[in-house]
Amino acid sequence: MRRGESKAATRGANRSSSSSSWKSRYIGYGLVLGFVLMLLYLMVNAQFSNSPNAYLGPATTSKTESIPATTYQGNQAWQEDGSRGLEEGHREEVASTQRSTGQRQEKDDESEKQRTEKNSIEEQLGNDRSSNYGEEGRQSEKKDTIEFSEFGGGTDDFNNYLDGLKPVTVRSVPNPEDAPPCTTRLNVPAMVIELGGLTGNYWHDFTDVLVPLFIGARRFGGEVQLLVVNLLPFWVDKYRRIFSQISRHDIVDLEKDDDRGVVRCYPHVVVGYGSRKEFTIDPSLDDTGGGYTMVNFTEFLRQSYSLPRDRPIKLGTNHGARPRMMILERTNSRKLMNLPEVAAAARAAGFEVTVAGGRPTSTYDEFAREVNSYDVMVGVHGAGLTNCVFLPTGAVLLQIVPYGRLESIAQTDFGEPARDMGLRYIEYDIAADESSLMDVFGKDHPMIKDPVAVHLSGWGNVAEWYLGKQDVRVNIERFRPFLTQALEHLQ
(Lines give C-alpha, C1' and ligand atoms only; values in the text may rest on other atoms or scores of the structure.)
Protein backbone atom coordinates (compact mmCIF):
# COMPACT_ATOMS: atom_id res chain seq x y z
CA MET A 1 0.00 0.00 0.00
CA ARG A 2 2.81 2.39 0.82
CA ARG A 3 4.58 1.48 -2.46
CA GLY A 4 1.43 2.23 -4.45
CA GLU A 5 1.07 5.52 -2.67
CA SER A 6 4.70 6.29 -3.47
CA LYS A 7 4.19 5.51 -7.17
CA ALA A 8 1.04 7.59 -7.26
CA ALA A 9 2.83 10.46 -5.60
CA THR A 10 5.67 10.17 -8.09
CA ARG A 11 3.29 10.18 -11.06
CA GLY A 12 1.51 13.22 -9.58
CA ALA A 13 4.80 14.98 -9.10
CA ASN A 14 5.81 14.21 -12.70
CA ARG A 15 2.53 15.54 -14.04
CA SER A 16 2.89 18.67 -11.93
CA SER A 17 6.45 19.15 -13.16
CA SER A 18 5.39 18.57 -16.78
CA SER A 19 2.48 21.02 -16.47
CA SER A 20 4.73 23.64 -14.90
CA SER A 21 7.28 23.19 -17.67
CA TRP A 22 4.55 23.51 -20.34
CA LYS A 23 3.22 26.73 -18.82
CA SER A 24 6.69 28.17 -18.47
CA ARG A 25 7.47 27.50 -22.13
CA TYR A 26 4.26 29.20 -23.34
CA ILE A 27 4.77 32.18 -21.07
CA GLY A 28 8.25 32.51 -22.50
CA TYR A 29 6.93 32.26 -26.06
CA GLY A 30 4.31 34.91 -25.27
CA LEU A 31 6.90 37.32 -23.90
CA VAL A 32 9.12 36.86 -26.94
CA LEU A 33 6.17 37.33 -29.35
CA GLY A 34 5.03 40.46 -27.53
CA PHE A 35 8.56 41.89 -27.69
CA VAL A 36 8.77 41.19 -31.45
CA LEU A 37 5.39 42.81 -32.15
CA MET A 38 6.33 45.88 -30.13
CA LEU A 39 9.62 46.15 -32.03
CA LEU A 40 7.82 45.90 -35.38
CA TYR A 41 5.35 48.59 -34.33
CA LEU A 42 8.14 50.96 -33.36
CA MET A 43 9.97 50.32 -36.64
CA VAL A 44 6.86 51.04 -38.77
CA ASN A 45 5.90 54.07 -36.71
CA ALA A 46 9.39 55.50 -37.13
CA GLN A 47 8.87 55.61 -40.90
CA PHE A 48 6.49 58.52 -40.63
CA SER A 49 6.70 61.99 -39.20
CA ASN A 50 4.40 62.50 -36.26
CA SER A 51 1.41 64.79 -36.43
CA PRO A 52 -0.71 65.88 -33.45
CA ASN A 53 -3.93 65.88 -35.41
CA ALA A 54 -6.30 62.95 -35.71
CA TYR A 55 -9.43 62.58 -37.74
CA LEU A 56 -12.28 61.94 -35.38
CA GLY A 57 -15.13 62.25 -37.84
CA PRO A 58 -17.65 65.00 -38.46
CA ALA A 59 -19.64 66.71 -35.73
CA THR A 60 -23.25 65.60 -35.57
CA THR A 61 -26.09 68.09 -35.70
CA SER A 62 -29.21 67.60 -33.67
CA LYS A 63 -32.42 66.61 -35.37
CA THR A 64 -34.73 69.32 -36.73
CA GLU A 65 -37.51 70.00 -34.28
CA SER A 66 -40.46 72.38 -34.30
CA ILE A 67 -41.32 74.32 -31.17
CA PRO A 68 -44.70 76.04 -31.33
CA ALA A 69 -45.51 79.16 -29.32
CA THR A 70 -41.95 79.81 -28.23
CA THR A 71 -40.54 82.85 -26.48
CA TYR A 72 -36.91 83.78 -27.23
CA GLN A 73 -34.75 85.91 -24.97
CA GLY A 74 -31.25 86.07 -26.36
CA ASN A 75 -30.07 82.50 -26.61
CA GLN A 76 -32.75 81.05 -24.31
CA ALA A 77 -36.18 79.79 -25.29
CA TRP A 78 -39.12 79.25 -22.95
CA GLN A 79 -41.73 76.73 -24.00
CA GLU A 80 -45.11 75.90 -22.52
CA ASP A 81 -45.40 72.35 -21.17
CA GLY A 82 -48.54 71.68 -23.17
CA SER A 83 -46.88 72.31 -26.54
CA ARG A 84 -45.17 69.66 -28.71
CA GLY A 85 -41.62 70.59 -27.86
CA LEU A 86 -38.27 68.93 -27.59
CA GLU A 87 -37.99 65.76 -25.60
CA GLU A 88 -35.68 65.81 -22.61
CA GLY A 89 -32.94 63.82 -24.34
CA HIS A 90 -33.23 65.98 -27.41
CA ARG A 91 -32.75 69.18 -25.45
CA GLU A 92 -29.53 67.77 -24.09
CA GLU A 93 -28.41 66.91 -27.63
CA VAL A 94 -29.01 70.43 -28.88
CA ALA A 95 -27.06 71.86 -26.00
CA SER A 96 -24.24 69.35 -26.26
CA THR A 97 -23.38 70.27 -29.83
CA GLN A 98 -22.81 73.94 -29.00
CA ARG A 99 -20.78 76.12 -26.63
CA SER A 100 -21.82 78.68 -24.03
CA THR A 101 -22.88 82.04 -25.47
CA GLY A 102 -22.42 83.87 -22.23
CA GLN A 103 -18.69 84.00 -22.97
CA ARG A 104 -18.94 86.27 -25.97
CA GLN A 105 -15.74 88.31 -26.24
CA GLU A 106 -14.45 90.86 -28.72
CA LYS A 107 -11.29 88.86 -29.38
CA ASP A 108 -13.41 85.86 -30.43
CA ASP A 109 -15.28 88.03 -32.93
CA GLU A 110 -12.02 89.41 -34.28
CA SER A 111 -10.47 85.98 -34.73
CA GLU A 112 -13.59 84.78 -36.55
CA LYS A 113 -13.40 87.76 -38.87
CA GLN A 114 -9.73 87.27 -39.61
CA ARG A 115 -10.28 83.57 -40.35
CA THR A 116 -13.30 84.09 -42.58
CA GLU A 117 -11.70 86.96 -44.52
CA LYS A 118 -9.23 84.36 -45.85
CA ASN A 119 -12.11 82.83 -47.75
CA SER A 120 -11.42 84.92 -50.86
CA ILE A 121 -12.23 83.94 -54.43
CA GLU A 122 -8.64 82.69 -54.55
CA GLU A 123 -9.64 79.96 -52.11
CA GLN A 124 -12.81 79.30 -54.10
CA LEU A 125 -10.60 78.51 -57.09
CA GLY A 126 -8.88 75.76 -55.13
CA ASN A 127 -6.28 77.59 -53.04
CA ASP A 128 -7.98 76.65 -49.78
CA ARG A 129 -5.42 78.16 -47.41
CA SER A 130 -7.96 78.31 -44.63
CA SER A 131 -8.58 74.59 -44.95
CA ASN A 132 -7.13 72.32 -42.35
CA TYR A 133 -4.67 70.65 -44.66
CA GLY A 134 -3.30 73.82 -46.22
CA GLU A 135 0.40 74.62 -45.93
CA GLU A 136 2.59 77.69 -45.78
CA GLY A 137 5.49 77.42 -48.23
CA ARG A 138 5.75 73.81 -49.32
CA GLN A 139 9.19 72.31 -49.94
CA SER A 140 10.02 68.76 -50.91
CA GLU A 141 12.02 67.91 -47.78
CA LYS A 142 10.52 65.55 -45.22
CA LYS A 143 11.60 67.83 -42.36
CA ASP A 144 9.18 70.57 -43.42
CA THR A 145 6.43 71.37 -40.95
CA ILE A 146 2.88 72.06 -42.12
CA GLU A 147 -0.04 73.29 -40.08
CA PHE A 148 -3.40 71.62 -40.59
CA SER A 149 -6.73 72.76 -39.31
CA GLU A 150 -9.13 70.74 -41.45
CA PHE A 151 -9.40 67.73 -43.71
CA GLY A 152 -11.26 68.73 -46.85
CA GLY A 153 -14.62 67.45 -46.58
CA GLY A 154 -14.40 66.07 -43.16
CA THR A 155 -13.47 67.94 -40.07
CA ASP A 156 -10.38 68.68 -38.10
CA ASP A 157 -10.01 67.82 -34.44
CA PHE A 158 -13.52 67.53 -33.00
CA ASN A 159 -12.74 69.82 -30.05
CA ASN A 160 -11.53 72.58 -32.38
CA TYR A 161 -14.78 72.24 -34.30
CA LEU A 162 -16.81 72.70 -31.14
CA ASP A 163 -14.73 75.71 -30.00
CA GLY A 164 -16.55 77.93 -32.50
CA LEU A 165 -20.06 76.78 -31.55
CA LYS A 166 -22.35 78.40 -29.01
CA PRO A 167 -25.56 77.11 -27.42
CA VAL A 168 -29.23 77.89 -27.68
CA THR A 169 -30.82 76.76 -24.42
CA VAL A 170 -34.39 75.46 -24.62
CA ARG A 171 -36.39 75.60 -21.40
CA SER A 172 -39.89 74.29 -20.79
CA VAL A 173 -42.26 76.24 -18.56
CA PRO A 174 -45.65 75.07 -17.23
CA ASN A 175 -47.48 78.30 -18.09
CA PRO A 176 -47.01 81.21 -20.53
CA GLU A 177 -46.84 83.56 -17.52
CA ASP A 178 -43.61 81.88 -16.41
CA ALA A 179 -41.76 83.07 -19.51
CA PRO A 180 -40.38 86.64 -19.77
CA PRO A 181 -42.81 89.08 -21.40
CA CYS A 182 -42.36 89.61 -25.15
CA THR A 183 -40.61 92.80 -26.23
CA THR A 184 -41.19 92.02 -29.90
CA ARG A 185 -43.54 89.65 -31.67
CA LEU A 186 -43.54 88.41 -35.26
CA ASN A 187 -46.27 86.21 -36.68
CA VAL A 188 -43.96 84.06 -38.84
CA PRO A 189 -41.80 81.04 -37.98
CA ALA A 190 -38.21 81.50 -36.86
CA MET A 191 -35.14 79.35 -37.40
CA VAL A 192 -31.99 79.38 -35.28
CA ILE A 193 -28.76 78.91 -37.25
CA GLU A 194 -25.10 78.74 -36.20
CA LEU A 195 -22.14 80.30 -38.02
CA GLY A 196 -19.36 78.86 -35.86
CA GLY A 197 -17.40 75.66 -36.31
CA LEU A 198 -15.57 75.58 -39.65
CA THR A 199 -17.55 78.36 -41.30
CA GLY A 200 -15.12 80.28 -43.49
CA ASN A 201 -13.83 77.26 -45.36
CA TYR A 202 -15.58 77.33 -48.71
CA TRP A 203 -16.64 73.67 -48.73
CA HIS A 204 -17.87 73.90 -45.12
CA ASP A 205 -19.82 77.08 -45.90
CA PHE A 206 -22.06 74.94 -48.08
CA THR A 207 -21.87 71.63 -46.21
CA ASP A 208 -22.40 73.01 -42.70
CA VAL A 209 -24.63 76.04 -43.31
CA LEU A 210 -26.05 76.77 -46.77
CA VAL A 211 -27.27 73.31 -47.80
CA PRO A 212 -28.81 72.51 -44.37
CA LEU A 213 -30.36 75.99 -44.28
CA PHE A 214 -31.99 75.34 -47.64
CA ILE A 215 -33.35 72.01 -46.36
CA GLY A 216 -34.79 73.53 -43.21
CA ALA A 217 -36.05 76.92 -44.35
CA ARG A 218 -37.01 76.71 -48.03
CA ARG A 219 -40.39 75.18 -47.19
CA PHE A 220 -41.46 78.49 -45.59
CA GLY A 221 -41.29 80.35 -48.92
CA GLY A 222 -39.40 83.30 -47.47
CA GLU A 223 -41.80 83.77 -44.54
CA VAL A 224 -39.29 82.88 -41.84
CA GLN A 225 -36.94 84.93 -39.67
CA LEU A 226 -33.37 83.75 -39.14
CA LEU A 227 -31.98 84.00 -35.61
CA VAL A 228 -28.21 83.76 -36.00
CA VAL A 229 -25.71 82.74 -33.33
CA ASN A 230 -22.16 83.99 -33.91
CA LEU A 231 -23.30 86.34 -36.66
CA LEU A 232 -20.54 87.36 -39.10
CA PRO A 233 -21.91 90.31 -41.11
CA PHE A 234 -19.25 90.14 -43.83
CA TRP A 235 -19.90 86.40 -44.28
CA VAL A 236 -23.65 86.95 -44.54
CA ASP A 237 -23.00 89.77 -47.01
CA LYS A 238 -20.98 87.43 -49.24
CA TYR A 239 -23.96 85.08 -49.53
CA ARG A 240 -26.58 87.83 -49.33
CA ARG A 241 -28.35 86.64 -52.49
CA ILE A 242 -28.91 83.22 -50.90
CA PHE A 243 -30.13 84.69 -47.61
CA SER A 244 -32.48 87.10 -49.39
CA GLN A 245 -34.13 84.14 -51.14
CA ILE A 246 -34.43 82.18 -47.91
CA SER A 247 -36.02 84.97 -45.85
CA ARG A 248 -37.81 88.24 -46.57
CA HIS A 249 -37.21 89.40 -43.00
CA ASP A 250 -34.25 90.99 -41.26
CA ILE A 251 -31.61 88.63 -39.92
CA VAL A 252 -31.41 88.78 -36.12
CA ASP A 253 -28.12 88.74 -34.19
CA LEU A 254 -29.28 86.56 -31.32
CA GLU A 255 -26.31 87.45 -29.13
CA LYS A 256 -27.02 91.20 -29.34
CA ASP A 257 -30.55 90.39 -28.23
CA ASP A 258 -29.02 88.66 -25.23
CA ASP A 259 -27.00 91.78 -24.37
CA ARG A 260 -30.03 94.07 -24.67
CA GLY A 261 -32.51 91.81 -22.93
CA VAL A 262 -34.75 91.50 -26.00
CA VAL A 263 -37.45 88.83 -25.84
CA ARG A 264 -38.79 87.71 -29.24
CA CYS A 265 -41.96 85.68 -29.61
CA TYR A 266 -42.89 83.49 -32.59
CA PRO A 267 -45.71 81.03 -33.28
CA HIS A 268 -43.23 78.41 -34.51
CA VAL A 269 -39.47 77.98 -34.07
CA VAL A 270 -37.03 75.47 -35.58
CA VAL A 271 -33.91 74.68 -33.56
CA GLY A 272 -31.23 72.25 -34.64
CA TYR A 273 -31.67 72.07 -38.40
CA GLY A 274 -29.13 69.92 -40.20
CA SER A 275 -28.12 67.79 -43.16
CA ARG A 276 -27.68 64.05 -42.96
CA LYS A 277 -25.00 63.79 -45.67
CA GLU A 278 -21.96 65.87 -46.54
CA PHE A 279 -22.44 68.48 -49.28
CA THR A 280 -25.61 66.86 -50.57
CA ILE A 281 -29.23 66.07 -49.74
CA ASP A 282 -30.79 62.66 -49.17
CA PRO A 283 -34.58 63.17 -49.41
CA SER A 284 -35.19 59.91 -47.53
CA LEU A 285 -33.38 61.37 -44.51
CA ASP A 286 -35.11 64.76 -44.62
CA ASP A 287 -37.50 64.99 -41.70
CA THR A 288 -38.80 68.45 -42.67
CA GLY A 289 -41.17 67.00 -45.24
CA GLY A 290 -39.82 69.21 -48.01
CA GLY A 291 -38.61 66.34 -50.16
CA TYR A 292 -35.86 68.49 -51.67
CA THR A 293 -32.92 67.12 -53.65
CA MET A 294 -29.52 68.51 -54.55
CA VAL A 295 -30.88 69.31 -58.01
CA ASN A 296 -33.44 71.56 -56.28
CA PHE A 297 -30.60 73.24 -54.39
CA THR A 298 -28.61 74.04 -57.55
CA GLU A 299 -31.80 75.32 -59.21
CA PHE A 300 -32.29 77.54 -56.17
CA LEU A 301 -28.73 78.88 -56.58
CA ARG A 302 -29.30 79.65 -60.26
CA GLN A 303 -32.41 81.57 -59.28
CA SER A 304 -30.58 83.40 -56.46
CA TYR A 305 -27.70 84.52 -58.69
CA SER A 306 -29.74 84.93 -61.89
CA LEU A 307 -27.59 82.36 -63.69
CA PRO A 308 -28.72 81.95 -67.30
CA ARG A 309 -27.72 78.36 -68.13
CA ASP A 310 -29.56 75.35 -66.75
CA ARG A 311 -28.14 72.89 -69.30
CA PRO A 312 -24.66 72.51 -70.88
CA ILE A 313 -23.84 72.56 -74.57
CA LYS A 314 -25.30 69.73 -76.67
CA LEU A 315 -22.63 68.79 -79.18
CA GLY A 316 -24.96 66.62 -81.22
CA THR A 317 -27.00 69.66 -82.21
CA ASN A 318 -24.15 72.21 -82.24
CA HIS A 319 -21.78 70.90 -84.91
CA GLY A 320 -18.37 72.53 -84.81
CA ALA A 321 -18.92 74.08 -81.37
CA ARG A 322 -16.22 73.72 -78.73
CA PRO A 323 -17.43 73.03 -75.18
CA ARG A 324 -15.97 75.29 -72.52
CA MET A 325 -13.70 73.84 -69.83
CA MET A 326 -12.58 75.54 -66.60
CA ILE A 327 -9.42 74.12 -65.01
CA LEU A 328 -9.01 75.17 -61.38
CA GLU A 329 -5.44 76.07 -60.49
CA ARG A 330 -4.07 75.44 -57.01
CA THR A 331 -1.03 77.32 -55.75
CA ASN A 332 -0.48 75.60 -52.40
CA SER A 333 -0.67 71.86 -51.82
CA ARG A 334 -1.92 69.47 -54.50
CA LYS A 335 -0.70 71.67 -57.34
CA LEU A 336 -1.02 70.43 -60.90
CA MET A 337 2.67 70.57 -61.83
CA ASN A 338 2.16 70.17 -65.59
CA LEU A 339 -0.92 72.39 -65.86
CA PRO A 340 0.11 73.87 -69.26
CA GLU A 341 0.39 70.37 -70.74
CA VAL A 342 -3.00 69.38 -69.34
CA ALA A 343 -4.60 72.53 -70.78
CA ALA A 344 -2.94 71.88 -74.16
CA ALA A 345 -4.22 68.29 -74.20
CA ALA A 346 -7.75 69.52 -73.44
CA ARG A 347 -7.56 72.04 -76.28
CA ALA A 348 -6.30 69.35 -78.63
CA ALA A 349 -9.25 67.16 -77.60
CA GLY A 350 -11.67 69.90 -78.68
CA PHE A 351 -12.27 72.08 -75.62
CA GLU A 352 -12.11 75.82 -75.22
CA VAL A 353 -10.00 76.00 -72.06
CA THR A 354 -9.71 78.63 -69.34
CA VAL A 355 -7.38 78.27 -66.35
CA ALA A 356 -8.93 79.88 -63.27
CA GLY A 357 -6.37 80.80 -60.65
CA GLY A 358 -4.42 83.54 -58.94
CA ARG A 359 -6.39 86.33 -57.29
CA PRO A 360 -9.20 87.43 -59.61
CA THR A 361 -10.79 90.85 -59.28
CA SER A 362 -14.36 89.68 -59.93
CA THR A 363 -16.93 89.65 -57.15
CA TYR A 364 -18.40 86.43 -55.84
CA ASP A 365 -21.63 87.05 -57.75
CA GLU A 366 -19.67 87.61 -60.98
CA PHE A 367 -17.60 84.50 -60.41
CA ALA A 368 -20.75 82.39 -59.93
CA ARG A 369 -22.01 83.61 -63.31
CA GLU A 370 -18.61 82.86 -64.86
CA VAL A 371 -18.66 79.25 -63.60
CA ASN A 372 -22.17 78.81 -64.96
CA SER A 373 -20.89 79.59 -68.47
CA TYR A 374 -18.75 76.41 -68.54
CA ASP A 375 -19.63 72.88 -69.57
CA VAL A 376 -16.76 71.06 -67.83
CA MET A 377 -14.86 71.74 -64.59
CA VAL A 378 -11.50 70.06 -63.91
CA GLY A 379 -9.52 70.27 -60.69
CA VAL A 380 -7.44 68.43 -58.13
CA HIS A 381 -9.34 67.44 -54.97
CA GLY A 382 -9.89 70.52 -52.82
CA ALA A 383 -12.33 73.23 -51.75
CA GLY A 384 -12.31 74.86 -55.19
CA LEU A 385 -14.42 72.03 -56.59
CA THR A 386 -17.27 73.35 -54.42
CA ASN A 387 -17.90 75.76 -57.31
CA CYS A 388 -19.51 72.89 -59.21
CA VAL A 389 -22.80 73.99 -57.60
CA PHE A 390 -22.97 76.75 -60.23
CA LEU A 391 -22.49 74.47 -63.24
CA PRO A 392 -25.59 73.80 -65.34
CA THR A 393 -27.33 70.48 -64.70
CA GLY A 394 -25.79 67.84 -66.96
CA ALA A 395 -22.35 69.47 -67.06
CA VAL A 396 -19.20 67.45 -66.32
CA LEU A 397 -17.05 67.48 -63.18
CA LEU A 398 -13.63 65.80 -63.57
CA GLN A 399 -11.91 65.37 -60.21
CA ILE A 400 -8.20 64.54 -60.10
CA VAL A 401 -7.62 62.50 -56.91
CA PRO A 402 -4.11 62.61 -55.38
CA TYR A 403 -2.20 59.43 -54.63
CA GLY A 404 -2.72 57.68 -51.29
CA ARG A 405 -6.00 55.72 -51.29
CA LEU A 406 -8.06 58.91 -51.18
CA GLU A 407 -10.76 57.64 -53.54
CA SER A 408 -13.36 57.14 -50.80
CA ILE A 409 -12.79 60.66 -49.48
CA ALA A 410 -13.04 62.10 -52.99
CA GLN A 411 -16.29 60.23 -53.62
CA THR A 412 -17.86 61.43 -50.37
CA ASP A 413 -16.79 65.06 -50.72
CA PHE A 414 -17.51 65.61 -54.43
CA GLY A 415 -18.32 62.41 -56.34
CA GLU A 416 -21.65 61.58 -54.72
CA PRO A 417 -22.70 65.24 -54.39
CA ALA A 418 -21.92 65.86 -58.08
CA ARG A 419 -24.10 62.96 -59.17
CA ASP A 420 -26.86 64.16 -56.82
CA MET A 421 -26.64 67.59 -58.52
CA GLY A 422 -27.27 65.93 -61.88
CA LEU A 423 -23.67 66.42 -63.06
CA ARG A 424 -21.72 63.82 -65.04
CA TYR A 425 -18.88 62.81 -62.75
CA ILE A 426 -15.46 61.54 -63.88
CA GLU A 427 -12.61 60.60 -61.56
CA TYR A 428 -8.92 60.41 -62.47
CA ASP A 429 -6.85 58.71 -59.76
CA ILE A 430 -3.20 59.71 -59.59
CA ALA A 431 -0.74 56.80 -59.81
CA ALA A 432 2.39 56.59 -57.66
CA ASP A 433 4.68 57.70 -60.50
CA GLU A 434 2.51 60.81 -61.03
CA SER A 435 2.94 61.95 -57.43
CA SER A 436 5.66 64.25 -56.09
CA LEU A 437 5.88 61.93 -53.08
CA MET A 438 7.73 59.42 -55.23
CA ASP A 439 10.65 61.88 -55.42
CA VAL A 440 10.55 62.44 -51.67
CA PHE A 441 10.31 58.83 -50.45
CA GLY A 442 11.14 56.47 -53.28
CA LYS A 443 9.10 53.49 -54.48
CA ASP A 444 10.03 51.18 -51.57
CA HIS A 445 8.87 53.45 -48.75
CA PRO A 446 5.51 52.56 -47.13
CA MET A 447 4.23 56.02 -48.08
CA ILE A 448 4.34 54.82 -51.70
CA LYS A 449 4.24 51.04 -51.40
CA ASP A 450 1.59 50.68 -48.70
CA PRO A 451 -0.88 53.58 -48.39
CA VAL A 452 -3.19 51.37 -46.31
CA ALA A 453 -0.50 51.14 -43.63
CA VAL A 454 -0.17 54.92 -43.71
CA HIS A 455 -3.89 55.30 -43.09
CA LEU A 456 -3.69 52.81 -40.23
CA SER A 457 -0.77 54.71 -38.69
CA GLY A 458 -2.97 57.72 -37.99
CA TRP A 459 -4.80 60.53 -39.75
CA GLY A 460 -1.90 62.92 -39.15
CA ASN A 461 0.29 61.20 -41.74
CA VAL A 462 -2.51 61.11 -44.31
CA ALA A 463 -3.30 64.80 -43.86
CA GLU A 464 0.33 65.92 -43.73
CA TRP A 465 1.67 64.00 -46.73
CA TYR A 466 -1.10 62.86 -49.05
CA LEU A 467 -3.06 66.11 -48.72
CA GLY A 468 -0.58 68.69 -47.43
CA LYS A 469 2.74 67.93 -49.11
CA GLN A 470 1.76 66.28 -52.36
CA ASP A 471 1.66 67.75 -55.86
CA VAL A 472 0.67 65.84 -58.99
CA ARG A 473 1.97 65.52 -62.54
CA VAL A 474 -0.70 64.01 -64.78
CA ASN A 475 0.38 61.43 -67.35
CA ILE A 476 -1.02 63.08 -70.46
CA GLU A 477 -1.34 59.87 -72.49
CA ARG A 478 -3.18 58.20 -69.62
CA PHE A 479 -5.34 61.32 -69.18
CA ARG A 480 -6.52 61.64 -72.81
CA PRO A 481 -9.29 58.97 -72.56
CA PHE A 482 -10.80 60.90 -69.65
CA LEU A 483 -11.00 64.01 -71.83
CA THR A 484 -12.69 61.93 -74.50
CA GLN A 485 -15.16 60.64 -71.93
CA ALA A 486 -16.00 64.23 -70.94
CA LEU A 487 -16.75 65.03 -74.59
CA GLU A 488 -18.97 61.95 -74.89
CA HIS A 489 -21.04 63.11 -71.92
CA LEU A 490 -21.87 66.29 -73.84
CA GLN A 491 -23.07 64.56 -77.01
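Over the face of which ring does Arg-324 lie, and at what distance from the ring centre? In this predicted model, local features require pLDDT of at least 70 and side-chain atom pairs count only at pLDDT 80 or more, while totals for chains, interfaces and linings use all residues. Residues are numbered from 1 along each chain as its sequence is written, and side-chain values use heavy atoms, with hydrogens and water left out.

Arg-324 is placed over the face of Tyr-374, 4.1 Å from the ring centre (a charge sits over a ring if NZ of Lys or CZ of Arg is within 6 Å of the ring centre and within 35 degrees of the ring normal). Lys-238 lies over the face of Tyr-364, at 5.0 Å from the ring centre.

Tyr-364 also belongs to one aromatic cluster, whose members include Trp-235, Phe-214 and Phe-297. Across the whole structure, 21 aromatic pairs are found (rings of Phe, Tyr and Trp, the last by its six-membered ring, pair if their centres lie within 6.5 Å; planes under 30 degrees apart count as stacked, over 60 as edge-to-face and the rest as tilted). Phe-214 and Phe-297 form an edge-to-face pair, with 5.4 Å centre to centre and 75 degrees between the planes. Because Phe-214 lies in helix α6 (residues 202–217) and Phe-297 in helix α10 (residues 294–304), the pair ties together parts that are 83 residues apart in sequence (helices are DSSP runs of H or I, at least four residues, numbered from the N terminus). Both Phe-214 and Phe-297 are buried (under 20% relative accessible area, 1.4 Å probe, protein chains only).

Notes. Helices (H or I, at least four residues) and strands (E, at least two) are DSSP runs, numbered from the N terminus. Buried means under 20% relative accessible area, exposed over 50%, partly exposed in between (1.4 Å probe, protein chains only).
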